[in-house]
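Let's take a walk through this one together. Have the sequence and the fold side by side, and we'll go from a single pair of side chains out to the packing.

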Amino acid sequence: YVPAIYDEMLRSGKRIYCIAADDNHNHADLEGPYNDSFGGFTMIKADKLDYRTITRALENGHFYASQGPEIKQLWYENGELHIVCAPVKSIVFTFGTRRTEALRASNGEYLTYAHIPVAENSIYVRVTVTDENGKHANTNAYFVDELNQ
């Protein structure tokens, strides 16, 4: 998990998607401390479970990467990006101009919604949500020139 490399690639002009994968080898007991299974997954938005629908969603970036937290809704409206998620401890908006805006829940509380204005010069915006166990979910980067079309 190295989001800085993803941002560096995006800022260098590569319009790539953010995925998560579980590179496990199952050499340890699934309940043991050395288990490396179930570390990441890509959540795909598709209206049916068939090959063409899934591949089309992947080609079009209709997915997000997660180590556990769930992103329920994400939309852009009137110059603002909105996110609804499962209860998390922080929501961070990262912009292509090396700017971040972070919302953090107070002790004993959780966040489930956030929104932020996206300036024209932002290049892109992406969102990271982090749960109470430090597990992240990351949206793809959304480029401002495409959002405003």
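Let's start with Asp50, which is partly exposed, with a relative accessible area of 29%; here buried means under 20%, exposed over 50% and partly exposed in between, using a 1.4 Å probe and protein chains only. Before going on, note that this is a predicted model, where local features need pLDDT of at least 70, side-chain atom pairs count only at pLDDT 80 or more, and totals for chains, interfaces and linings use all residues. Residues are numbered from 1 along each chain as its sequence is written, and side-chain values use heavy atoms, with hydrogens and water left out.

Asp50 pairs up with Lys48 in a salt bridge, with the closest N and O atoms 3.6 Å apart. For the term to apply, a side-chain nitrogen of Lys or Arg has to sit within 4 Å of a carboxyl oxygen of Asp or Glu. Glu70 and Lys72 make another such pair, at 3.8 Å from N to O, and Glu70 is partly exposed at 37%. Glu8, Arg11 and Arg98 are joined up in a salt-bridge network. Searching the whole structure turns up 9 salt bridges.

Now look at Arg126, which bridges to Asp7 with the closest N and O atoms 2.7 Å apart. Arg126 is in strand 8 and Asp7 in helix 1 (residues 3–11), so this pair ties together parts that are 119 residues apart in sequence. (Helices, H or I of at least four residues, and strands, E of at least two, are DSSP runs numbered from the N terminus.) Both partners are tucked away: Arg126 is buried at 3%, and Asp7 is buried at 7%.

Stay on strand 8, which covers residues 124–130 and also holds Thr128. Thr128 is buried too, at 9%, and its side chain makes a polar contact with that of Asn138 at 2.8 Å. That term means a pair of N or O atoms within 3.5 Å; within protein, one must be able to donate a hydrogen and the other to accept it, and residues adjacent in sequence count only if both atoms are side-chain atoms.

What about the packing? In soluble globular proteins, nonpolar side chains tend to be buried together.
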